Amino acid sequence: MIRGSGEGVFHAGEGGHLIEGNTFRDSFNGVRVAGDWPSPVVVRANRFVNTYHAGDVVGRRVHFLDNDISAPDPARLAPFRHVGGATQITPLTPVPGDVGLSVVVDCEENVIAGNRYDGHPDAIVMYIGREGSCRNNVIRDNTIIVRRARFFADRPGRIRHETDSTLVGIPLVLADWSEKYSTESRGVIENNVIEGNRIIGAEGLGIMLHRASRNRVADNTITGIRR
């Protein structure tokens, strides 16, 4: 059990961890859990303030529950000075040159439930990058309050603009983007449950499913979508 107030990134070891009651502030990843755990890693009742990613779920059996995620001042988030996807769920794929992992760990049996998001244009994103599949995950009873996030002109590595801009996104996404990297391989996003979520305000679209099949999307409340 890990309690208290802190900042930075937590990497789980062998599973069965409880990460509870912490504050993660002004950091790139709040909590990043990557692996294939026999027993779930539970990330519960934490606060994430001005994090690029609040929860990065990579692989199997992570329960991200009842957390509070907000971005009142993204300018504090060095070096990007803007937010990214608040909670990401994706397969764990081998890194070139890393002998510690030789197989793909699909994103399966993860639970994203009871969280409150305020200020991230992209709140919950389940995606396949280069390879792998996402099956039997649950995204339930989350509240997503969508706001535009300011994009500062002086972000390193970006062309300066005459004026600052704002970022917009899609609050809840299931997407297989593997075709960007290979025309021969395709991931599978199926048998996931998207249920009872509340999405308040967005730009044009509340939920996106891209190359995803046989998922249950039910009893969600979506209001305030703007053109």
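Colleague: Two strands count as paired if DSSP finds at least two bridges between them. With that in hand, which residue in strand 18 is the bridge partner of Cys-134?

Modeller: Ile-189 is the bridge partner of Cys-134 in strand 18. Keep in mind that this is a predicted model.

Colleague: How many bridges join strand 12 to strand 18?

Modeller: Two bridges join them, and the strands run parallel. Strand 12 covers residues 134-135.

Colleague: What sheet do these strands belong to, and in what order?

Modeller: They are in an open sheet of three strands, ordered 8-12-18, with parallel pairing. Strand 8 (107-108) and strand 18 (189-190) are at the edges. Each of these two has a single partner strand, so one side of each has no neighbour in the sheet.

Colleague: Step back a bit. How many helices and strands does the protein have?

Modeller: It has zero helices and 23 strands.

Colleague: And what share of the residues is buried?

Modeller: Of the 227 residues in the protein, 51% are buried. The accessible surface comes to about 10900 Å², and carbon and sulfur atoms account for 48% of it.

Colleague: Which residues touch the most other members of the largest nonpolar core?

Modeller: That core has 33 residues, and the ones touching the most other members are Val-43, Phe-48, Ile-112, Tyr-117, Ile-124 and Leu-172. Several strands give two or more residues to this core, among them strand 5 (53-65) and strand 20 (198-203). Strand 3 gives the most, with five residues.

Colleague: Pick Ile-112. What does Ile-112 touch?

Modeller: Leaving out residues up to four places away in sequence, Ile-112 touches several residues, including Val-57, Phe-64, Tyr-117, Ile-124 and Arg-140.

Colleague: New topic. Where is Gly-187 found, and is it buried or exposed?

Modeller: Gly-187 lies in the loop between strand 17 and strand 18. Gly-187 counts as buried because its relative accessibility is 7%, and buried means under 20%.

Colleague: What does Gly-187 touch?

Modeller: Not counting residues up to four places away in sequence, Gly-187 touches Ile-128, Gly-132, Ser-133, Asp-176 and Ser-178.

Colleague: What separates the C-alpha atoms of Gly-187 and Arg-211?

Modeller: Those C-alpha atoms are separated by 8.7 Å, while Gly-187 and Arg-211 are 24 residues apart along the chain.

Definitions and conventions:
Residues numbered from 1 in each chain as written. Predicted model: local features only at pLDDT ≥ 70, side-chain atom pairs only at ≥ 80, totals over all residues. Heavy atoms only, no water. Helix = DSSP H or I, 4+ residues; strand = E, 2+ residues; numbered from the N terminus. Buried < 20%, exposed > 50% of the residue type's maximum accessible area, 1.4 Å probe, protein only. Areas by Shrake-Rupley, 256 points an atom, 1.4 Å probe, with all protein chains shown as cover. Core = buried A, V, L, I, M, F, W, Y, C linked by side-chain atoms within 4.5 Å. Contact = heavy atoms within 4.5 Å.
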